Amino acid sequence: MTGPLGSGSPRKPLGTRRDTHAVRAGLAVGVTIASSLAPGVALAGTPTASPRYAPDVPAKITTPEAALSRIGPLRFRDGAPDPATVQRAWDQLDFSRGIEAFLRGMSATSVHAICRGLEQAGVARNRGIGITENLLDARSLFLTPNTTTVYVMACLDLRAGPMVLRVPPAVLGPVDDADFRWVTDVGLTGPDQGRGGSYLFVPPGYQGPLPASGHHVARTRTNTLVAFYRAFVEKGDLAAATAGVKAKASLYRLSEAATPPATSFVNLSGRRFNTISANDFSFYEELNAAVQSEPADWVDPDTVGLYAAIGIRKGQPFAPDARMRKLLTESVTVANAIARANLFASRDPRTRLYPDRQWLTPFVGGSYQFLDGAERLLDSRTMFFYYATGITPAMSQAKPGSGSAYAGIFRDAKGAYLDGGRTYSVTLPGPIPAKDFWSFTVYDNQTRSLLPTDQKLAGIDSTRPGVRMNADGGATVWFGPTPPAGRESNWVQTMPGRGYNVLLRLYGPLEPWFNKSWRPGDLQPEQ
């Protein structure tokens, strides 16, 4: 026989007043629990009394029968979620992981988009090198490029085996892997120290023979590499800069080293193509393409697991059902908003270069790996990869007189977003701490690429003939839809109705930049 509440314990006679009170107490508890459940649901086996071996349970480790949350009402039967709660929980988890995959994975999709875009422009992987013989302009979509130096770009696919990249003298730039992690610099800040030379890139797990000398060897974690470096233009001679690259640069398989095939050079100037990754559902398709091209352990296990959790697994098709596709479409919408909020309205005060100015940097703490001791600065990493490309220690840890320094600005001196229909002025006090030269470039807020205007350079730099300097060696520059009278040589065009942002570059930054004794002015709106 069982007890009166189906507890499974033998029936005992209620021989004492204490026993009667115990049953009544058990009934009262059962009524309280049952009353909190969904209508018509009763909890079987409600105990009639406290167990002999019972802990003191803190309320904080229990789950209430019902709770309100941002994802809707949550209901539980003695801790067990009801079907609606289970569905809400899984939807929220998949939605959240979709957001995290966007924020974490944009470094990989950016590399994928660059290599895809270069291929569309005719630069074949392992065979071609792209070069901006007449500089870049807004017709080519890149994240925050400059328009004052000749770019040289190539994508390597090490599934074909070790690859050799020969670089000319006096260039500057990095080679990064498929997750935009730094592999090596080439040129002035690389092991060739600006003399030029051959770099040998060895794929993951490669055990074959390698030459004993003659190359700077780099073993990589990924199959895909992207190389891009700058060839500097001296005295405005673009043809000479381009010829110097073509005479010394090449790309070929190590197995072809005895008789290297001719490298194909593609002039990228003026071409319309896109190297920027998506802000809609197709982002996840780009991420899947990156995963399929790489070894299973190309990123850390937690990140492999994150991508797998939304259906992106090495060696398997990415085929989300209707529910998952809808959730990921919502995820990328929110994730894109997060990335833009983080870029345009950072809540980390460490991104402010100066407490009294609007100038920003994503390199908090001066780390190209976005590290502050043991802490990964997640928002700084997101800020960089949503806005820019190309990672190298030289960007964040430049030494006085070498490399380059960067400062971005999205708001005017009053804190308002920059408006393409207004005119602003900005003053760089003299002397400007740039051994080589300085430049301003304007970028479209939507694309983060060059702002489309009638000015090819979408900016200004100190090497351009006619730029007027101030008496102290500084310069004042105007941004607006039309040039102020008499200021045409120091004017950068913007477009009414289009938001934009500005990047200041110092090439060969000097000590006053690093110790912050020199500070650029804010953009001042003209009345």
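**Group meeting: the overall form of the chain and a few local features**

A compact globule of 527 residues would have a radius of gyration near 24 Å, whereas this protein chain has 31 Å, with the radius taken over C-alpha atoms and the globule rule being 2.2 Å times the number of residues to the power 0.38. Please keep in mind that this is a predicted model, in which local features need pLDDT of at least 70 and side-chain atom pairs count only at pLDDT 80 or more, while totals for chains, interfaces and linings use all residues. Residues are numbered from 1 along each chain as its sequence is written, and side-chain values use heavy atoms, with hydrogens and water left out.

Along its principal axes, the C-alpha trace spans about 110 × 65 × 40 Å. The chain has nine helices and 25 strands, these being DSSP runs numbered from the N terminus (helices H or I, at least four residues; strands E, at least two). Of the 527 residues, 48% count as buried, where buried means under 20% relative accessible area, exposed over 50%, and partly exposed in between, with a 1.4 Å probe and protein chains only.

Let me turn to one pair of helices. Helix α6 (residues 322-344) and helix α7 (residues 378-387) pack at an angle of about 100°, with their axes 9 Å apart; axes are lines fitted to C-alpha atoms, for helices over the stretch in contact, and angles run from 0 to 180 degrees between N-to-C directions. That makes α6 roughly perpendicular to α7, a term for angles of 65 to 115 degrees. On the α6 side the contact is made by N336, A339, R340, N342 and L343, and on the α7 side by D379, T382, M383, Y386 and Y387, contact meaning heavy atoms within 4.5 Å.

Also in helix α7 is F384, which is buried, with a relative accessible area of 3%. Leaving aside its neighbours within four places in sequence, F384 is in contact with P362, F363, F370, T389, G390, I391 and M395.

Finally, some backbone details in loops. In the loop between β2 (72-77) and β3 (80-81) lies D78, whose phi is near 50°, a positive value in a residue other than glycine; D78 is exposed, at 61% relative accessible area. T144, in the loop between β5 (140-141) and β6 (150-157), has a positive phi too, near 35°, but T144 is buried, at 7%. A cis peptide bond joins G430 and P431, with omega about -5°, and P431 is found in the loop between β19 (424-428) and β20 (434-444).

Technical notes
Angles under 35 degrees count as roughly parallel, over 145 as roughly antiparallel, 65 to 115 as roughly perpendicular and the rest as oblique.
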